[in-house]
Each structure stands twice: as C-alpha cells, then as structure tokens.
Amino acid sequence: MKEKSNISQELLETIECYYNNSMDRDDRIIFEKKLQDSPEFKEQVEDIKTMLLGIETQALKEQLDDFHKEIPLEKNKIRFLQPLKIAVAAAIIIAFGCFWFFSGSSNQKLYAKYFTPDPGLPTTMSNSDDFEFYDAMVNYKHGDYDKAIQKWQVLYQKQATNDTINYFLGLAYMSHDKIEAAKPFLQKVTETKKPFPFLSEAYYYLGLAYLKEGQIELAKENLGLSNTEQSQKLLNELKN
Amino acid sequence: MGEINKSKHQSQLISAIKNNDSVVLKSLYTSNYNKIELLVLRNSGTKEDAKDIYQDAFIAVWNNIKNNTFIPVNERAVQGYLYTIAKNKWMDILKSSRFKKTQYGFSNPSLVDKSDYVEDVTDKNLENEKLVSTMEAFKILGQPCKELLTIFYFEKKSLRDIAIQLQIDEASARNKKYRCMEKLRNMVIAPK
C-alpha cells in the first residue's frame, strides 16, 4: 500500500460495492474496464479488497476464541488404563453416576416446574409487513411449534439480527424440547446491543436451557442476569 | 445441530456463511472440533495444537466458501472439507522437522505450497503479506474504530443500523467509518 490518503470516501464506497457484489451491471462493466486500463487503479482496488478481507478475517479469528469456550466437552478420550486403575475408576464412576443420576433428575424436575412457554405477542394482523411474523405467532400460540419454527426460520434468513425473531425462534425450539437448537438464538438475543423488552426473559429462558442440560454454573449466571421474579426464585432454589 | 437442519437449502447455508451469520458459524465451529482434537491428540499433538490447527482450517474453509473456491452441497460437505483441511495441516506440521514449537499460523511459509494433497485447496490469498499486516493492524486498532468496522464489514449491518446502535446519525457513521479505514490504512502503510 503506497501513498497515503489517495483513496477518497467515494472510491472506498465504490470498491465496497464491488467487493460485496452489490454493484449494478452497467457500473460493474465501467468499473471492470477501468480495472483493465489502469494498473494503478487496479492496485488501489486490490489494496482495499485485501484490507476488507483482513478486517473480516481478523474479526472472525477473534470470534472463534469465543466459540471455542462453548464446545461441548469431549466424551471419548483416549485412555490406556491398567486393571487396578479401571477398578478404581469404575467405583468412582458408579459413585458419581448415582450422584449425577439424582442431581440430574432434580434439574429436570426444576426445569419442568419453571418452564412455561412465553405466551407470545398479541396477533392483531394490522401491519401487512409483519404478516408472516404474526402468522407464525398464531401457530406458536396453538402449540404448533414445527410450523412456527419453519416460518420464523424463513424470516430469520432475511433478518438474522432481529431480536424478536431470534427470541421467539429460541422459545419455539425450547417449547418443542429442542434445547440445543434453542440456545444459540437466545444467546444472540442476550448479546444484543439494542434495547430489547424481553432481555430479562431471554436470560431466564437461556438459564433454564442450561439447567436442563445440567450446566448449573451457566444456568446460574444467566438467571442472575435476568430480573424477572421467576428467575430469582429459581436461583434461590438452585442455591439451596 | 437442529438449527442447520438438513432441509436448509444449499444457498441458504452458503449465504449464511458468506454473511458471517454467527449462529451458523458457531454451530459449525463447535460441532466439528472434537473430531479434530481427537486426531491431533492421537498424533502426538496437544489440545493447544488442535485448537490452532482447527482455527486455521476453519478460516481457510470460510475463505474458500467466500470466494467460491469451494461450493458445498450441504452442511455435511462443509464438515468433511473442514476435517480434510485440518488433517492436512496437521500432517504438514508433523512433517515439518518434527514440529518445533514455533508459530505455524497460516502466515508461516513452510505450510505454503505443499500441494501434494488432492483436497487441499491452498489458502493462498490468506498468506498474502498485506493481508497479514492488515490483520495485525486491525487487532490493535483502537476499540471504537474496531467496533464500528467490525459491525459494518463483518456483521454486515447497514449504516442505518450502525447509526442506531451507536446512537449517532447516519452521516456521521459514514464519515466515522471512512476515518477509521484511513486510520487502519495508515497503520498498515507505516506500522509503528
């Protein structure tokens, strides 16, 4: 990258369009012609493209470390054990197994006691833009979670950052007992930077999801971030 | 893996990856790691090695999907591809003079140009010097600029969304973005 500041805001934005494939056909033809004719222009464009890729790659790289913390623990580790060790291990496993069995079932009980699907939003059907959203809401309210998920997934493809869609997709999966699928959506809601009226509820349900999976610490953490009455009650039960 | 279910169309999967959809990327990332870890642990590596190699492979796969070098038919194809690339990368490290404990990110030239694998589409454009220096510069770029550029270029939100999120008007979001890019460019041109 050579001299400074020889890239104007307009040029940057044009290159962005080109990079994102959002340039219309005529502009693209002119742009590509210029690329062919001017090696200097070509170099500028390449530099900016490389920068854009660099930003994206580094941003992804940093996100991967966050993802890494959420990898489920490996079950099938390689071990080479001697018979005595196996016997000792077996005894320990049985002891802990009993513990897990009972504590596990109490988690399930607590989950069942506390989980009730969010009642959903009133479906007034006034605004035609939101028709698809509320159409799915009707299915959700009728307990037809498969249909609701299907429809909201379509909307999610278009508006992946819409907190309301993410929240209800998470809820629909949870009500359908698909905890694993529900978690990423609820997670996304809790990470939102915009004000969201159901934020506390999202933390509450995310906490419940972790509880169901036996991840008590994560359950407590999320419940702690929710200020609904239910989550405080559940948190107290978990502490006892 | 319920959220990327089989009925999801190929184009949806590809566009989700190209748009850096965090739900899809996270799910791909977390559900494929354990296989690689097992492979590396069984072949004289550590967990740390496994993580490094896996992240490099993941970025290579993402990049190849982005630039259409690799067009997966479904999620399973992505998984297989990811595994193959990670495996090849680990084999390379094993072969490279009994892998000295040096950094072997994709910037290491020893991993470049070993095209003796059928499946290994070399992640050439990830080894470009300018790219590496942009990444280095971006890593240490001041937080406000880093956040803004991440939201715009990585999360691919519109200027309008950014303006709302950062509580500024759209025109200043646009100017700020340009100034941040200039700042980053200057860091790349003349690193301190």
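**Helix packing and chain contacts in a two-chain model**

Me: Let's start with the crossing of α6(A) and α7(A): left-handed or right-handed?
Reply: Going by the way α6(A) passes α7(A), the crossing is left-handed. Keep in mind that this is a predicted model.

Me: How many nonpolar residues are in the contact of α6(A) with α7(A)?
Reply: From α6(A) come Tyr145(A), Ala148(A), Ile149(A), Trp152(A), Leu155(A) and Tyr156(A). The α7(A) side brings Ile165(A), Phe168(A), Leu169(A), Ala172(A), Tyr173(A) and Ser175(A). By class there is one polar residue and no charged residue, and the nonpolar count is eleven.

Me: Which residues does Ala172(A) touch, leaving out those up to four places away in sequence?
Reply: Ala172(A) is on the α7(A) side of the contact with α6(A). It's also listed with Trp152(A), Leu169(A), Tyr205(A) and Ala57(B) as having the most contacts inside the largest nonpolar core, a set of 83 residues. Leaving out the sequence neighbours, Ala172(A) touches Tyr140(A), Tyr145(A), Ala148(A), Ile149(A) and Trp152(A).

Me: Which helix gives the most to the side of chain A that touches chain B?
Reply: The contact takes 38 residues from chain A and 42 residues from chain B. On the chain A side, α1 (9-19), α3 (39-68) and α8 (179-190) each supply at least two residues. With 16 residues, the top contributor is α3(A).

Me: How many charged residues does the side of chain A that touches chain B have?
Reply: Chain A puts 38 residues into this contact. They split into 18 nonpolar and nine polar, and the charged ones number eleven.

Me: Is Asn20(B) buried or exposed?
Reply: Asn20(B) lies in the loop between α1 (10-18) and α2 (22-42) of chain B. Its phi is positive, about 55°, although Asn20(B) is not a glycine. There are 20 other C-beta atoms within 10 Å of Asn20(B), and 20 or more is the cut-off, so Asn20(B) is buried.

Me: What about Ser44(B), buried or exposed?
Reply: Ser44(B) has a positive phi of about 55° too, although it is not a glycine. Ser44(B) sits in the loop between α2 and α3 (47-66) of chain B. Counting within 10 Å gives 11 other C-beta atoms, and 12 or fewer is the cut-off, so Ser44(B) is exposed.

Me: How many helices does chain B have?
Reply: Chain B has zero strands. From the N terminus on, its elements run α-α-α-α-α-α-α-α. The helix count for chain B is eight.

Me: What share of the 240 residues in chain A is buried?
Reply: Chain A has eleven helices and zero strands. Among its contacts between residues at least 6 apart in sequence, 41% join residues at least 24 apart. The buried share of chain A is 26%.

Me: And what share of the 192 residues of chain B counts as buried?
Reply: In chain B, residues 24 or more positions apart account for 59% of the contacts with a separation of 6 or more. The buried share of chain B is 35%.

Key:
Residues numbered from 1 in each chain as written. Chains lettered and ligands numbered in written order. Predicted model: local features only at pLDDT ≥ 70, side-chain atom pairs only at ≥ 80, totals over all residues. Left-handed = near helix turned anticlockwise from the far one by under 90°. Helix = DSSP H or I, 4+ residues; strand = E, 2+ residues; numbered from the N terminus. Contact = placed C-beta atoms within 7 Å. Nonpolar A, V, L, I, M, F, W, Y, C, P; charged D, E, K, R; others polar. Core = buried A, V, L, I, M, F, W, Y, C linked by C-beta atoms within 7 Å.
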